[in-house]
Amino acid sequence: MRALRIIGGIVLALVVALVGYWWFALRGPDIPYDVLDARYANAQSHFADLPGGVQLHYRDEGNAREPALLLVHGFGDSFTTWEGWVAALGSRYRIIRIDLPGHGLTRAPAGYTLSDDKSVALIHALSLKLGLAKFAIAGNSMGGGVAWQYALAYPTQISALILADAAGWPSTTLKSPPLAFRLLQYSWGRAFLA
């Protein structure tokens with residue numbers, strides 16, 4: 001029993017040391033937006049000033065004469081997640097892909113908290129600004145949850161709803177949210193994950 005405790009203590013110490021190492025190795029300063037813009041923005045990049053002080057980055061690509069398709073990325077991603085879709089569908093659709101606040105090149109005021117309701121409101125404000133009377137919306141993961149909530153809020157505006165591993169549907173097998181989402185509930189958890 002004593003040997004098991006010693007081995008357990010050693011394993012625990014190694015895990016703590018590895019987590020500590022990765023915490024300091026991966027932690028770095030925020031990259032300024034001008035550096036990010038220089039690296040990721042291009043001629044199709046646009047910024048829309050929207051309610052709540054959000055300056056939303058979006059790309060407007062593809063065939064402007066064809067039906068519009070708006071793409072919403074997942075939690076740990078940005079507009080870049082849709083590169084393959086743009087390549088495959090750009091000749092047949094006008095493709096608008098966005099960065100939600102806290103992701104990619106979108107700027108939000110200090111203290112801004114992302115929620116599905118706010119994301120739906122931002123997409124609606126953008127759709128009005130771009131004159132999108134009717135469009136298809138696709139979302140992946142968190143973006144899928146936003147997409148289906150948008151379709152429920154504005155059904156007459158949506159021509160098609162495309163979901164890829166969408167969030168938000170109650171799980172019959174998941175007893176609690178993933179650890180990252182539980183940590184995000186606390187300020188110390190958000191600081192740790194940042």
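First, the ground rules. This is a predicted model, in which local features need pLDDT of at least 70 and side-chain atom pairs count only at pLDDT 80 or more, while totals for chains, interfaces and linings use all residues. Residues are numbered from 1 along each chain as its sequence is written, and side-chain values use heavy atoms, with hydrogens and water left out.

The chain has seven helices and six strands. Helices here are DSSP runs of H or I with at least four residues, strands are runs of E with at least two, and both are numbered from the N terminus. In sequence order the pattern reads α-α-β-β-β-α-β-α-β-α-β-α-α. The C-alpha atoms fill a box of roughly 75 × 45 × 35 Å along the principal axes. Of the 194 residues, 33% are buried, meaning under 20% relative accessible area with a 1.4 Å probe, protein chains only.

Now to Arg-97, which sits in strand β4, residues 94–98. Is Arg-97 buried or exposed? Arg-97 is buried, because its relative accessible area is 1%. Its side chain makes a polar contact of 3.1 Å with the side chain of Glu-83. A polar contact is a pair of N or O atoms within 3.5 Å; within protein, one must be able to donate a hydrogen and the other to accept it, and residues adjacent in sequence count only if both atoms are side-chain atoms. Beyond four places in sequence, Arg-97 also touches other residues, including His-57, Tyr-58 and Trp-82; contact means heavy atoms within 4.5 Å.

The second residue is Thr-106, in the loop between β4 and α4. Thr-106 is buried too, with a relative accessible area of 1%. A polar atom of its side chain lies 2.5 Å from the backbone oxygen of Asp-99.

Last, the cores. A nonpolar core is a set of buried Ala, Val, Leu, Ile, Met, Phe, Trp, Tyr and Cys residues joined through side-chain atoms within 4.5 Å. Which residues touch the most other members of the largest nonpolar core? They are Ile-98 and Ile-137, in a core of 26 residues. Helix α4 gives the most to this core, with six residues. Apart from this core lies another, of eight residues, among them Trp-82 and Leu-89.

Key: Buried means under 20% relative accessible area, exposed over 50%, partly exposed in between (1.4 Å probe, protein chains only).
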